[in-house]
Amino acid sequence: MQKFMRVCPICAKENIRKESHSKIYVAGWNAGFLEEPDNEETCLKHENQKLIKMSMTCEEFQILRNISNEPSFMQAMNDLKERDIIEYNLKLSQFKTQVEQQQSNKLQNDNTPKCPTCNSTNIKKISGLSKAGSVAMWGLLSRKVHKQWHCNQCGSEW
């Protein structure tokens with residue numbers, strides 16, 4: 001069963017999100033994980049304010065949220081779904097592809113080696129010439145002989 005976005009108009013205008021325990025469930029446009037509350041018909045912050053059931057599902061909302069958190073963007077997408085479902089689905093498909101590409105690029109960037117001391121990616125490989133120079137200067141006591149990387153941020157070598 002699909003769960004639809006519910007929003008408090010006052011919270012949406014203020015771009016507020018509310019939390020109950022550790023689960024965010026009734027929210028403005030800047031919400032985290034969203035579930036349609038079972039028995040909640042009014043906003044927890046604005047007790048007399050009735051929640052509005054939007055035409056977009058929570059899953060669609062999460063996709064759009066990765067594109068923009070702007071209340072006007074969310075409202076425009078919700079209005080588009082009500083007006084022209086074909087155009088809405090086309091845009092949602094494009095946004096979904098864009099989010100998947102961003103996540104894929106992020107995974108590729110996660111393969112970059114990092115300094116184990118400070119987690120910086122500002123590192124360089126220690127060259128053979130540098131190792132040879134260190135051995136020439138310090139002999140077998142050289143620390144660079146068994147090291148491969150040097151961190152430009154904290155100076156650590158590993």
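I take a contact to mean heavy atoms within 4.5 Å. With that in hand I looked at the contacts between residues at least 6 apart in sequence, and 53% of them join residues at least 24 apart.

**Entry: model and confidence.** I am working from a predicted model. I looked up the mean pLDDT of the protein and found 77, with 81% of the residues at 70 or more. Residues 18–38 have pLDDT below 50, and I note that this stretch still has 70 contacts in the model beyond near neighbours in sequence. Where pLDDT is low, the predicted coordinates should not be read in detail. I therefore leave the detail of those contacts alone.

**Entry: overall layout.** I counted 5 helices and 4 strands in the protein. Reading from the N terminus, I wrote down the order β-α-β-α-α-α-β-α-β. The protein has 158 residues, and 32% of them count as buried. The exposed surface comes to about 10,700 Å², of which carbon and sulfur atoms supply 50%.

**Entry: the core.** I asked which residues have the most contacts inside the largest nonpolar core. They are Met5, Met56, Leu64, Phe73, Met77, Tyr88 and Phe95, in a core of 15 residues. I then looked up where the core residues come from: strands E1 (4–7) and E2 (52–57) and helices H2 (58–67), H3 (71–83) and H4 (85–109) each supply at least two. Helix H3 gives the largest share, 4 residues.

**Entry: the aromatic pair.** I searched the whole structure for aromatic pairs and found 1. The two rings belong to Phe73 and Phe95; their centres are 5.8 Å apart and their planes stand at 70 degrees, so I record the pair as edge-to-face. The cut-off for that label is an angle over 60 degrees. Phe73 is in helix H3 and Phe95 in helix H4, 22 residues apart, and the pair thus links distant parts of the chain. Are the two residues buried or exposed? Phe73 has 19% relative accessibility and counts as buried, because the limit is under 20%. Phe95 is buried too, at 15%. I also listed what Phe95 touches beyond four places in sequence: Ile63, Leu64, Ile67, Phe73 and Met77.

**Entry: Leu80.** I placed Leu80 in helix H3. Its relative accessibility is 10%, and it counts as buried.

**Entry: Thr57.** Thr57 lies in strand E2. I found it buried, with a relative accessible area of 5%. Not counting residues up to four places away in sequence, Thr57 touches Gln2, Lys3, Phe4, Met5 and Lys81.

**Entry: the loop between H4 and E3.** I looked at two residues here, starting with Asn119, which is found in the loop between H4 and strand E3 (123–125). What is phi of Asn119? The angle is near 70 degrees, a positive value in a residue other than glycine. Most residues other than glycine have a negative phi. That is why I wrote this residue down. Asn119 counts as exposed, at 56% relative accessibility.

Thr121 sits in the loop between H4 and E3 as well. It is partly exposed, with a relative accessible area of 45%. Leaving out residues up to four places away in sequence, I find Thr121 touching Thr112, Pro113 and Lys114.

**Entry: a charge over a ring.** I checked Lys125 and found its charged end over the ring of Trp149, 4.9 Å from the centre of that ring.

**Entry: Ser134.** Ser134 has its place in helix H5 (residues 128–138). I have it as buried, with a relative accessible area of 11%. Its contacts, apart from neighbours within four places in sequence, are Gly139, Ser142 and Lys144.

Technical notes:
Residues numbered from 1 in each chain as written. Predicted model: local features only at pLDDT ≥ 70, side-chain atom pairs only at ≥ 80, totals over all residues. Heavy atoms only, no water. Buried < 20%, exposed > 50% of the residue type's maximum accessible area, 1.4 Å probe, protein only. Areas by Shrake-Rupley, 256 points an atom, 1.4 Å probe, with all protein chains shown as cover. Core = buried A, V, L, I, M, F, W, Y, C linked by side-chain atoms within 4.5 Å. Phe/Tyr/Trp six-rings, centres within 6.5 Å; stacked < 30°, edge-to-face > 60°. Lys NZ or Arg CZ within 6 Å of the ring centre and 35° of its normal. pLDDT = per-residue confidence, 0-100.
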